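Subject: Structure handover and notes

Hello,

Here is the structure we talked about. Please open it next to this email and go through the notes with it on screen.

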Amino acid sequence: MNAIEIRGLTKTYSNGVEALKGIDLTVQQGDFYALLGPNGAGKSTTIGILSSLVTKSSGSVSVFGHSIDNALEQAKSCIGLVPQEFNFNQFETLLQIVVNQAGYYGVPRKEALQRAEKYLTQLELWEKRNHRARELSGGMKRRLMIARALMHEPQMLILDEPTAGVDIEIRRGMWDFLREINQQGKTIILTTHYLEEAELLCRNIGIINKGQIVANTSMKDLLATL
Ligand code: ADP
Ligand code: ADP
């Protein structure tokens, strides 16, 4: 079974912009996959459709075998999304933010607290658990969103430009963490417009431009052609 299967996916926004013009994309279970492309290529739209924040115009999308047309809840529960913008309540504490997230997925409170300790500790945020999110540095906010995305223990993590605006030292820490959870079996997809980041981390890569996939290959083969 594939983590993601996208066939003939199109998206035309209400203003007439054709953000996706019929893309096909397969991501295998356990993969570390980069979706690379310039600004405006359609990366966020693709991720938005996968995580059901954006409705598709046509085509099919399956997540771990669950079609978003008829098994949306199952598809959603397989995905932990780390969006580009900070979208948590800045006045809540870190602990509130991650525990509430688990609540949305029906995780019992005791279990949610155990997971909160586990993931906030892994992301070096446990000591800050009773601080309000607004007090965190940018790098910490980014890590908070990763911890939050893990709280329902999804099979796959999708990160939209995870290291945008994050300085190099913090970026390395995030890379190490992502590598580690990938080695433990989690499928990871990230979007980036830095080939260097994709090259460092990812096994396979899709290159998207103007709403079309222009290459879909292993990182090894891509680098051999450059
Ligand atoms: P990327 O993530 O690769 O930068 P996006 O998926 O954000 O690309 O954007 C693809 C295209 O769709 C761009 O031309 C962008 O301006 C347009 N677009 C994105 N979101 C919207 C929206 N909500 N309404 C209208 N157009 C949009
Ligand atoms: P700053 O306040 O300078 O932005 P942070 O407080 O965000 O820095 O980061 C604190 C420490 O956590 C840094 O030493 C960094 O290397 C480390 N770190 C960053 N990201 C991770 C991560 N994902 N996992 C583990 N450690 C990390």
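What follows is a short account of the helix packing, then of some single residues.

One caution before the details: this is a predicted model.

**Helix 3 and what covers it**

Start with helix 3, residues 94-104. Its buried residues are L94, L95, I97, V98, V99, Q101 and A102. What lies over them? The cover for these buried residues includes helix 4 (109-122) and helix 5. Just after helix 3 comes G106, with a positive phi of about 80 degrees.

**Helix 3 against helix 4**

The axes of helix 3 and helix 4 are 9 Å apart, and the packing angle is about 130 degrees. Helix 3 passes helix 4 in a right-handed crossing. On the helix 3 side, the contact is made by L95, V98, V99 and A102. On the helix 4 side, R109, A112, L113, A116 and L120 make it. By class, the contact of helix 3 with helix 4 has 8 nonpolar residues, no polar ones and 1 charged.

**Helix 3 against helix 5**

Helix 5 covers residues 138-150. Its axis and that of helix 3 come within 8 Å and cross at roughly 30 degrees. Angles under 35 degrees count as roughly parallel, so helix 3 and helix 5 are roughly parallel to each other. The crossing of helix 3 past helix 5 is right-handed. Helix 3 brings L94, I97, V98 and Q101 to the contact. Helix 5 brings L144, A147 and R148. The contact of helix 3 with helix 5 splits into 5 nonpolar, 1 polar and 1 charged residues.

V98 is worth a click. V98 is buried. It is listed in the contact with helix 4, and again in the contact with helix 5.

**Helix 5 against helix 6**

Helix 6 runs over 168-183. Helix 5 and helix 6 pack at about 15 degrees, with axes 10 Å apart. They are therefore roughly parallel to each other. Helix 5 passes helix 6 in a right-handed crossing. From helix 5, the contact residues are G139, R142, R143, I146 and L150. From helix 6, they are I170, M174, F177 and I181. The residues of this contact of helix 5 with helix 6 divide into 6 nonpolar, 1 polar and 2 charged.

**M145**

M145 sits in helix 5. Is M145 buried or exposed? Its relative accessibility is 0%, so M145 counts as buried. Leaving aside neighbours within four places in sequence, M145 is in contact with V82, P83, E85, F86, N87 and F88. For scale, M145 and L195 are 50 residues apart in sequence, and their C-alpha atoms are 23 Å apart.

**S218**

S218 lies in strand 10. Its relative accessibility is 21%, so S218 counts as partly exposed. The cut-off for buried is under 20%. Not counting residues up to four places away in sequence, S218 touches R203, N204 and I205. I205 and S218 are 13 residues apart along the chain, with C-alpha atoms separated by 6.0 Å.

- E161 has a phi near 45 degrees, a positive value in a residue other than glycine. E161 is in the loop between strand 7 (156-160) and helix 6. Its relative accessible area is 6%, so E161 is buried.
- K210 is not a glycine either, yet has a positive phi of about 50 degrees. K210 lies in the loop between strand 9 (204-209) and strand 10 (212-218). Its relative accessible area is 59%, so K210 is exposed.

**Cysteines**

How many disulfides does the structure hold? It holds 0. C78 is buried, at a relative accessible area of 3%. C202 is buried too, at 7%.

Best wishes

Note on methods: Residues are numbered from 1 along each chain as its sequence is written. Chains are lettered from A and ligands numbered from 1 in the order in which they are written. This is a predicted model: local features need pLDDT of at least 70, side-chain atom pairs count only at pLDDT 80 or more; totals for chains, interfaces and linings use all residues. Side-chain values use heavy atoms; hydrogens and water are left out. Helices (H or I, at least four residues) and strands (E, at least two) are DSSP runs, numbered from the N terminus. Buried means under 20% relative accessible area, exposed over 50%, partly exposed in between (1.4 Å probe, protein chains only). Axes are lines fitted to C-alpha atoms, for helices over the stretch in contact, and angles run from 0 to 180 degrees between N-to-C directions. Angles under 35 degrees count as roughly parallel, over 145 as roughly antiparallel, 65 to 115 as roughly perpendicular and the rest as oblique. A crossing is left-handed if the near helix is turned anticlockwise from the far one by less than a right angle, and right-handed if clockwise. Contact means heavy atoms within 4.5 Å. Ala, Val, Leu, Ile, Met, Phe, Trp, Tyr, Cys and Pro count as nonpolar, Asp, Glu, Lys and Arg as charged, and the others, Gly among them, as polar. A disulfide is a pair of cysteine sulfur atoms within 2.5 Å.
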